[in-house]
Amino acid sequence: MKRVWTLAGKDLLETRRDRLSLLFTLVMPLVFTAFFGLLFGGGSDRLPLAVWSGDTGPAATQLLGALERSDVVAVHRMTKADAEKAVDDGRQAAALEVPAGFSGDLAAGKPVTLTVVGVSGSTGVQAVQTEVSSLAGRQAVLERAAQAAAAAAGKPIGQPQTSVANLTAAALAMARPLAQQSLAHPVATLRVVQAGAAAGQVPTGFDLSSPGMLINFIMFSLLTAGIALIQERQNFTLLRLMTTQVHRWELIAGKVAGMFILTFVQQIILIAAGQFLFGVDYLRDPAALLLMMIATSLVASTLGLLLASLLKSEQALIATVVITSMAVSALSGAWFPLEITGPAFRFVGHLLPTAWILDGLRGIILRGFGVADVMPALVVALAWSAGLFVLAVWRFRLTD
Amino acid sequence: MSRIFAIAWKDLRSTMRNVPALAMMLAAPLALSALLGFAFGGGGNFSISATKVAVADLDAPVFTSSSGVASSSAGQTVVGILKSPQLKDILQVSEKPIAAARRSVDGGKAAAAVIIPADFSSVIFSTSSTTPRTAIELYENPTQGIGGSITESIVDQALLELNGARAAAQAAAAVATANGRSHDQAVQKAIKTFVGQGGSSGVAVVQRPPQLGGKKSKDVGITGLVLAGMMVFFMFFGASNVARTILTEERNGTLPRLFTTPTPRRVILGGKFASTYLTVLAQAVIIVVAGRLFFAIDWGALDVVALLILAAAAVASSLGLLVISIVRTPAQAGAIGAGVYLVLGLLGGSFTGTAQSGTTYATVERLTPNGWLLVGWDRALRGGGAADIVWPVLIPLVFAVVFFALAVFRFRRRFA
């Protein structure tokens with residue numbers, strides 16, 4: 001057993017001396033975690049919104065006022081041509097066109113259309129559209145409520161009654177502030193309760209990105225160890241080792257142990273950074289977290305051993321690791337949550353152990369998962385690791 | 001000149017026989033694009049699957065026999081909105097008892113549970129100014145936050161309608177009283193009129209892409225943007241694979257031996273650059289054609305596509321040479337190159353497309369050559385002409401010239 005640890009220690013020493021490996025094991029995952037965390041967390045910046053209005057009526061003025069007070073968008077008034085160009089150049093998240101006749105049509109109860117201009121796939125455009133819909137919808141409801149109230153209440157006794165389409169300014173002027181006051185203090189509201197969330201916990205973009213990038217980059221750390229194994233095979237070092245007292249099983253165990261310890265240490269550092277730098281609550285259940293870390297390192301180390309056993313060149317290993325890690329990350333929900341994908345994609349994703357591990361990690365962070373809750377992920381990871389290990393041992397060669 | 005092409009041809013043939021290199025250059029971008037298209041609904045526009053929502057309606061209907069209406073349930077109004085045919089592609093709603101609804105969320109079977117309280121109708125239909133407040137509970141799974149947000153937005157709209165009806169009733173009661181008319185009749189009529197006005201906000205918010213040069217532009221499907229991002233990203237790796245032959249030949253001694261022949265060094269290095277450029281050019285052409293054939297991507301006008309491919313090949317090959325000119329061994333080239341390309345891919349938007357538009361990241365994107373190239377591809381996909389991609393082509397070319405000059409400077413010192 002001592003020889004296993006010696007072999008593992010030798011590989012770890014090589015990795016520690018290779019400063020480049022730090023780039024993939026620590027620097028890149030932290031940079032990507034920060035980037036995606038800020039991107040999907042929304043950040044605190046207001047989205048720049050170019051606005052041009054063909055209407056100067058009261059409803060348009062009120063809508064623009066509400067947008068200017070919004071915490072979501074920062075309004076920049078400009079001409080149509082400038083607004084289109086600013087969106088096209090990426091200087092504005094979106095542009096809003098308030099059409100001529102907006103106020104009149106709204107007051108007349110006619111349907112009105114606002115146009116949001118934005119580039120395809122922009123998350124900013126979706127946020128702007130939601131905010132504009134909400135504020136304009138609120139205003140339209142107020143107008144409808146005032147009109148309905150004025151029509152229903154009728155004119156003072158002795159005067160002829162009227163319809164919604166023909167209301168007097170006086171009746172509306174009386175009903176509007178009353179409706180506005182009622183809507184400002186709604187009796188029915190929405191209360192959001194996060195299932196399993198810790199007291200005061202608000203999910204952030206880092207809760208999504210930190211475990212995702214951990215899974216994404218755990219495989220990159222195998223590059224150095226994998227390349228070392230391939231080089232040792234090419235240089236006949238493995239064959240020469242067999243002339244010593246080292247047994248084949250000790251050689252394989254030493255290689256796997258080296259990769260396991262490497263990925264485990266990497267996880268400790270990345271999780272510590274997630275907990276203390278990005279505020280991701282990994283430590284809600286340390287025992288469950290430990291199981292998920294063991295599961296991750298088992299899968300990664302057995303996969304690393306298999307790839308290094310199967311592939312003949314460093315270049316092939318780099319290509320395979322880059323492609324595999326990206327594909328596995330996408331399928332497992334490391335880049336985007338699987339909830340937004342179709343059922344077939346989710347099914348395929350959950351054939352992989354990494355999707356289960358990510359579910360477990362996010363469950364620990366956001367829902368307070370304990371040991372019992374992460375058991376399914378552990379079982380799937382153990383089954384995969386066993387399969388990968390058997391294949392790796394079968395394909396393990398001392399020479400090419 | 002023939003010697004430059006002889007060297008380039010030799011490297012090209014070598015690359016075409018290199019399976020891992022071909023996998024990185026062609027299979028990876030196409031496979032990842034197919035994967036992302038598969039994730040978001042098969043390649044067209046971005047679409048997500050319906051959110052599973054459990055609804056527990058505990059609301060007790062209010063009897064309003066005096067007005068001739070048998071009973072009214074605000075809770076059922078909310079359920080009706082959630083189950084409306086217009087929302088069937090967005091929400092998949094199932095009614096359950098409260099405990100089962102919560103269990104669905106706890107077990108990950110539903111993204112959210114909407115729990116309507118027992119006093120909901122009595123509060124909504126009361127016109128008293130001292131009515132207690134009530135709240136619908138949205139019990140959501142924080143690991144499925146997007147589904148929760150969608151449900152929240154829809155329930156908010158439903159509540160706005162109900163609060164609007166209540167506001168109409170309250171205002172009608174006050175105005176009717178001031179006008180000396182019947183309070184009850186005004187309330188019933190106001191609610192009926194409010195609901196009869198459409199049951200929706202009356203404001204539609206539509207989205208369209210920005211116009212290019214005053215022309216109407218096409219809406220871009222997600223697969224085109226994803227493949228453009230992946231193509232530019234993997235062109236860096238393609239260039240790196242070919243440029244790495246300089247290091248391999250240096251290590252094997254064939255490069256120093258080549259330097260002893262009458263072939264000038266600039267011709268040898270020119271041949272290496274030509275082979276790198278031609279390889280990534282071929283890579284881009286194959287990916288564009290494959291994108292057209294397999295994903296039916298309309299890349300845009302031929303001249304625009306050609307300009308973007310030529311510019312991208314220039315940037316990728318010059319950067320590939322620069323990285324190789326800095327490192328000493330093929331292993332270093334693999335690790336440093338991958339790091340540089342990943343950072344550029346991240347900052348330039350190869351993984352996020354136009355998701356960051358309008359934010360600080362959009363400014364950061366413009367500091368990278370691939371960020372500008374992706375702006376160009378976005379415009380090409382939207383139907384832009386050559387005039388729309390002047391800067392997205394010129395700026396990457398400036399990057400290419402700088403990278404190439406630095407690489408030449410490094411190689412001259414190294415092989416002096």
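In which helix of chain B is A34(B) found? A34(B) sits in helix α2 (residues 19-39) of chain B. Helices (H or I, at least four residues) and strands (E, at least two) are DSSP runs, numbered from the N terminus. This is a predicted model: local features need pLDDT of at least 70, side-chain atom pairs count only at pLDDT 80 or more, and totals for chains, interfaces and linings use all residues. Residues are numbered from 1 along each chain as its sequence is written, while chains are lettered from A and ligands numbered from 1 in the order in which they are written.

**Chain B and its residue A34(B)**

- Chain B has 15 helices and 7 strands.
- Of its 416 residues, 52% count as buried. A residue is buried if 20 or more other C-beta atoms lie within 10 Å of its own, exposed if 12 or fewer, and partly exposed in between, with C-beta atoms placed from the backbone.
- A34(B) is partly exposed because 17 other C-beta atoms lie within 10 Å.
- The C-alpha atoms of A34(B) and V226(B) are 9.3 Å apart, although 192 residues separate the two along the chain.
- Take the contacts in chain B between residues at least 6 apart in sequence: 75% join residues at least 24 apart. Contact requires C-beta atoms, placed from the backbone, within 7 Å.

**Domains**

- Chain A is divided into domain 1 (2-40 + 203-395) and domain 2 (46-184). Their centres, taken over C-alpha atoms, are 52 Å apart.
- Chain B is divided into domain 1 (2-43 + 219-414) and domain 2 (51-196). Here the centres, again over C-alpha atoms, are separated by 55 Å.
- The bounds come from an automatic or database domain assignment.

**Nonpolar cores**

- The largest nonpolar core has 152 residues. Such a core is a set of buried Ala, Val, Leu, Ile, Met, Phe, Trp, Tyr and Cys residues joined through C-beta atoms within 7 Å.
- Helix α8 (residues 222-252) of chain B gives the most to this core, with 17 residues.
- Another core, of 97 residues, lies apart from it and includes V141(A), A151(A), A188(A) and L162(B).
- Those with the most contacts inside the largest core are M292(A), A381(A), F234(B), M235(B), L308(B) and A312(B).
- F234(B) touches M24(B), M25(B), A28(B) and P29(B), not counting residues up to four places away in sequence.

**Interface between the chains**

- 105 residues of chain B are in contact with 99 residues of chain A.
- Helix α6 (residues 145-179) of chain B supplies the largest share of the chain B side, 24 residues.
- That side has 59 nonpolar, 33 polar and 13 charged residues. Ala, Val, Leu, Ile, Met, Phe, Trp, Tyr, Cys and Pro count as nonpolar, Asp, Glu, Lys and Arg as charged, and the others, Gly among them, as polar.

**Sheet across the chains**

- An open sheet of 5 strands runs in the order β5(A)-β6(B)-β5(B)-β1(B)-β4(B), with mixed pairing. Two strands pair if DSSP finds at least two bridges between them.
- The edge strands are β5 of chain A and β4 (91-95) of chain B.
- Strand β5 (residues 188-194) of chain A and strand β6 (residues 134-140) of chain B pair in the parallel sense over 7 bridges. V193(A) has Y139(B) as its bridge partner in β6(B).
- Strand β1 (residues 51-57) of chain B pairs with β4(B), also in the parallel sense, over 5 bridges. In β4(B), Q92(B) is the bridge partner of K52(B).

Conventions: Contact = placed C-beta atoms within 7 Å.
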